[in-house]
Amino acid sequence: MLGKLRTKQPLGGAQWLNVLRYDLTHDLLTEDERTEIEGIFREYIRTAIHENALFDPEVFNDERNFSRYDAKTYTLRNWLPNIVWPRRLSANLMAAAIGDEELIRQTWAQYGSFRWYMDEYLTEAGFYGEEFSKQGATVGEMIVYCEALENLGLNALGYGYTGRHGATMKGHLASFMTLSYPIVELHSDTPHIPMVTMGDLRQSGSSRRGNLPTSAFQHSVVQGYLPGQTGADRPIHRWQAHGAWGGEVRGNHPQWDGYSAFVPKMMVPFWFEVGHARWPDMGFDWFLAQLREPGQERYQPSLCFGVEPIAPDGTTPPHAQNWIAPRRGMAMLRATEGPDHWAAPEAAVSMRLATEYAHSVHDSFAIMGYYALSRPMLLNRQTTPGYAKDWSRSIASHNAVRVDGQEPRTTDDVQTRHWFEGPIKLLSATSDQVYPGVSMTRILMVVGHDLIDIVDLRDLPGGKDTHDYEYLVHALGHHTPDPKAGWQDVDPLKGGLAAFGPTQHMAGAKMWSVRLDQNSAHRDAQFNKLPAAWYERQVGLQITGNARGQQASVHIAKTPIRDNPDDAPSIEEAPEAYEVGGTSLIVRRTGVEHTTFQTHYQPFDKDNPATRRLATYRTDSDRVLAMQLLDRDSPVVTWMLVETAPGEEPATFTAPDAGPAVTFRGHAFIQIRPDRIDAWGYVDKLDAAVDAADTPFHLNGRLTRGKVSITDGRLTYQP
């Protein structure tokens, strides 16, 4: 034990185990031994926090590489917490172990230390700042530190501290719940709960031991079990030895001592046990219950935090919400909010804004993930092992838009709008800085299972007048082309799109539609990693595009499984990559000043057929979009009116054939039923046909009478 404590301190090493060793043996040590270890700790604190100096160069032999990760002047984007932060945390823990309150407060308040991390690095309520697979490197050590502060009567510095932008330890622990999508059904004893995946480690199961079965899966909060799997196949994932410079004893390797010497870090089960013990009404216990192993009736907790075994029936899911996190540069849109969200089949979609982050890739304004019917529908696919590079770093590998063959820029200059009430949820983001000389607006709307995606791009004054625009889609499923649809085999695309390999092409399209089926690529089902029940549901996705009067060139191809298609393995060499399939669409408009891509994504399975149709109508302004959503199995008619760039004056739209006339600001959604009319959004005036003189009108969920009149079969609302 003393041998570990007397080891020369490695630069950046996570020393929390050494601190615990000292704490546990404190009363067994002699006064001279305690003085010796305290001196080692004080020297570590001085070099790690107060001077930010290097340790003994004979011990640490890679100053150059560590220095490039520790920029001295810190921002959200220029350092990597999984490498730099453990060193700072270790120093804070050592101060707590010594028990010197003045030293604790000095160390806590130092630039780049705990207070700075909470004030400046964590965003919004507590979001981590690089790709989320790296968050596991530090949370456990933060928990140990906060527990120590509480025991010392200094809880205001730990669990009780609220950072300058609202970050708390409570929010930091809960952030993985906030980032979660609804349950993906594996047809087994346990569910699978995926989470937002972004950055340069987003391939299936990255940063996890025991990769997930196919490329239909990326990062997860609850990694479910397939039918027949047991806890013996994969125990609950409680510990992981994340991170470079993670060893206890410095070896000669420039970054770490070897896997066996990594300091283990607490993972999600520990975080959520702490969360449940401290904030029992937050829903941590529901997630813990989902983390149980197959055959277990209850989640069996650790002995660390006083949590009792948890049965699923005794828990309530957390309240899921729609949210926008501008500082972190992302947002989540959920068709169903509240505790029902997690088991709901309705849509959940996440979107990147454009804020820069550490370990980022070119993903500004990309859809990060779209889930519906308890399945992934759209994913940003990574094809390279390890860190993303080449095509996998490019915007071309994302559900996004490319302009003039360039990669998008990052920027904080993004204006957002949202509407989270009623049956239609809306998220809009606009920036003039993502692509040079182009104003870009992306509007997402979720309606039940469906996603409606509108991307408006136009040349800015002083720009180059015309541009080449490419709308990119990467969906799960296999496509069987309809020979009557006009698809033709063409040569592979060039340049940044060369990774797509052979493609099919439809030229001059003003409307196009593609059906994708999530069936297996294996002719023999015995090779499937996913169970038969997965495929028996017959899940798929209908994608319908509207060129809004312009002609488009549409390419369809298999989603790459390698950056270079010439290096792609066969289905025998990489069956898990091929099994669920992947289809990519590239919709191109070249040499135009302004264009709008409008796409309707409609999931289906054998019990939920694709019965909805989205029709588009001309308006008096190219900044006003009017759409009508019809379902052949429902009498409800839904009008969706949206301004891509709201002006000072309200917008107007009058539907043909005696349809509704609406004056609105920003957006308006009108649902006309045989017995009532509902409207949501910013409606200034409405005139619509009705069947009865007493037809009720609800605006934003409230019955409206005083400002409504019905004359000659027309209902008029005007404030």
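In helix H9, the buried residues are Met169, Gly171, His172, Leu173, Ala174, Ser175, Phe176 and Met177. Buried here means under 20% relative accessible area, with exposed over 50% and partly exposed in between, using a 1.4 Å probe and protein chains only. This is a predicted model, where local features need pLDDT of at least 70, side-chain atom pairs count only at pLDDT 80 or more, and totals for chains, interfaces and linings use all residues. Residues are numbered from 1 along each chain as its sequence is written, and side-chain values use heavy atoms, with hydrogens and water left out.

Helices (H or I, at least four residues) and strands (E, at least two) are DSSP runs, numbered from the N terminus. The cover over the buried residues of H9 includes helices H7 (114–121), H8 (139–151), H10 (268–278) and H11 (284–290), and strands S2 (220–222) and S6 (330–334). Contact means heavy atoms within 4.5 Å.

Now to S6. Because 5 of its 5 residues are buried, S6 is also largely enclosed by the rest of the structure. Met330, Met332 and Arg334 point one way, Ala331 and Leu333 the other.

Next, the neighbours of S6. Strands pair if DSSP finds at least two bridges between them. S5, residues 323–325, pairs with S6 in the antiparallel sense over 3 bridges, and Ile324 stands opposite Ala331. Their hairpin has 4 residues between the strands, and Gly329 takes a positive phi near 75°. S7, residues 348–352, is also antiparallel to S6, over 5 bridges; there, Ala348 is the bridge partner of Arg334.
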